[in-house]
Amino acid sequence: MFLARNNPDARVLLTTFSEPLASALRDRRNALVRGEPTLAERIDVHGLETIALRLYKARLGGAQIATRDDVHAALQGASRAAGPHKSSDAFVRGEWDAVVDAWQLGSWEAYRDVPRLGRKTRLPEPQRKVLWAIFDAARASLASKGLVTTAGLLTRLAEVLRGAENPPYDFVVVDEAQDLGVPYLRFVAALGVHRKDALFFAGDLGQRIFQQPFSWKALGVDVRGRSRTLRVNYRTSHQIRQVADRLLASEVSDVDGIAEQREAVSVFNGPAPEIRPLKTEAEETAAVGAWLRDRIAAGFQPHELGVFVRSDAQLPRARAAVHGVGAPFRVLDEQLATRPGEIAVATMHLAKGLEFRGVAVMACDDEVIPLQQRVGDVGDAADLEEVYATERHLLYVACTRARDALLVTATAPASEFLDDMRGR
């Protein structure tokens, strides 16, 4: 709002890495500019992929985006054609996503020499050569079908925008910046190229759950010496913040050496969070249901309550818990549309952008968080550290959606993360 009001002719883009979060931001913009339609018209709120597709179509024409299934099929076919090799399908997909496609590497020499930040598995040159043959064949397969990856589209669009005389926006504000991937940051950098103070990023390294770390400086976005850490927490009680912070290290740093001390101070107190390992799913269902009923009896409105689980596989447990509460509930989709009078139920990945007075985080069992499938898909033991880190961050995000009251439950055996939260 400040940028638009103080620059009457400026166009402002408020954006983030996902459309669901952008939808939540759009609702907040609408609330802030109610009664000022001309101001709202100059503040666009879209997810980065949505705005990129719009700009690409306007400047370069249409594009057919490869789905994840398209990419996986191309990689799997190229991998089989390459004959026996040491790399699993999971490792090949991860290497493509985090390195080859993300950085848009177009030659063997580029792949051979690229710093593989965030990919801890060491690859000798002979193994890299085999992998490059797979990636090169997969790229050719996609191109033969007229498909382009999102990373490819963003990279091409960034090249066009860097040479454009009239940028589409005067200012770009990016929320949840810690989860920007390489091609998205390259695109954002191009939106603000050659203009001082055109870009503003807001983020929290402790909430990075989608992207592996990489160097922003390498893409021309150097925020060293130009960043500030906010120390006052207005959203979460001291008790909830203190327990959630035990999931993270006391200092979180990025690849470029910017360190973030976890020293925030909450401005209000509340009851201590409840962390309850239970013996059976039936006991957990009853405990979560009783906790929700108690919150409503204490004056919480149903829409002030949220229930989160790790993934879709645990949603039936959440539904069972809220079913007997006596209040309507809604399982959220990617539009994050909460409704008055309804308890919200969602997976942890949809927790970002949401806030509730009370939150129950349930089904925090061993092999659920950290998710056993992710652990099993790791191509090398050296990559386990990153998997565990993002799983910790995911639980942290879910817990810190709560303002006043937090319940965390599991069935035996419980996740090891619960011991950390209890300070054991």
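Biologist: Which residue in β6 is the bridge partner of V172?
Modeller: In β6, that partner is L199. This is a predicted model, so local features need pLDDT of at least 70 and side-chain atom pairs count only at pLDDT 80 or more, while totals for chains, interfaces and linings use all residues. Residues are numbered from 1 along each chain as its sequence is written, and side-chain values use heavy atoms, with hydrogens and water left out.

Biologist: How many bridges join strand β5 and β6?
Modeller: Two strands pair if DSSP finds at least two bridges between them. Strands (E, at least two residues) and helices (H or I, at least four) are DSSP runs, numbered from the N terminus. Here β5 (residues 171-174) and β6 pair over three bridges, in the parallel sense. Within that pairing, V173 stands opposite F200 of β6.

Biologist: What joins β1 to β5?
Modeller: Four bridges do, and the two strands run parallel. L14 stands opposite V173 in β5.

Biologist: In what order do the four strands of this open sheet lie?
Modeller: The order is β2-β1-β5-β6, with parallel pairing. Neighbouring strands are turned by 20° against each other on average, direction ignored. For such angles, axes are lines fitted to C-alpha atoms, for helices over the stretch in contact, and angles run from 0 to 180 degrees between N-to-C directions.

Biologist: Which strands does helix α2 lie across?
Modeller: Contact means heavy atoms within 4.5 Å. Helix α2 (residues 19-32) lies across β1 (12-16) and β2, running at about 155° to β2. Helix α4 (residues 48-60) also packs on this sheet, touching β1 and β2. The direction of α4 makes about 105° with that of β2.

Biologist: Now the helix pairs. At what angle do α5 and α8 pack?
Modeller: Two packed helices are described by the angle between their axes and the distance between the axes. Helix α5 (residues 68-81) and helix α8 (residues 125-144) pack at about 130°, with their axes 8 Å apart. The pair is therefore oblique. Angles under 35 degrees count as roughly parallel, over 145 as roughly antiparallel, 65 to 115 as roughly perpendicular and the rest as oblique.

Biologist: Is the crossing of α5 and α8 left-handed or right-handed?
Modeller: A crossing is left-handed if the near helix is turned anticlockwise from the far one by less than a right angle, and right-handed if clockwise. α5 and α8 cross right-handed. The contact residues include V71, A74 and L75 of α5 and I134, F135 and A138 of α8. By class, this contact of α5 with α8 has nine nonpolar, two polar and one charged residues. Ala, Val, Leu, Ile, Met, Phe, Trp, Tyr, Cys and Pro count as nonpolar, Asp, Glu, Lys and Arg as charged, and the others, Gly among them, as polar.

Biologist: At what angle do α6 and α8 pack?
Modeller: Helix α6 (residues 89-100) packs on α8 at about 75°, with axes 11 Å apart. α6 and α8 are therefore roughly perpendicular. Among the residues that meet are F91 and W96 in α6 and L131 and F135 in α8. The contact of α6 with α8 divides into ten nonpolar, no polar and two charged residues.

Biologist: How many aromatic pairs does a search of the whole structure find?
Modeller: Seven. In one of the pairs, Y111 and F135 have ring centres 5.7 Å apart and planes at 85°, so the pair is edge-to-face. Rings of Phe, Tyr and Trp (its six-membered ring) pair if their centres lie within 6.5 Å; planes under 30 degrees apart count as stacked, over 60 as edge-to-face and the rest as tilted.
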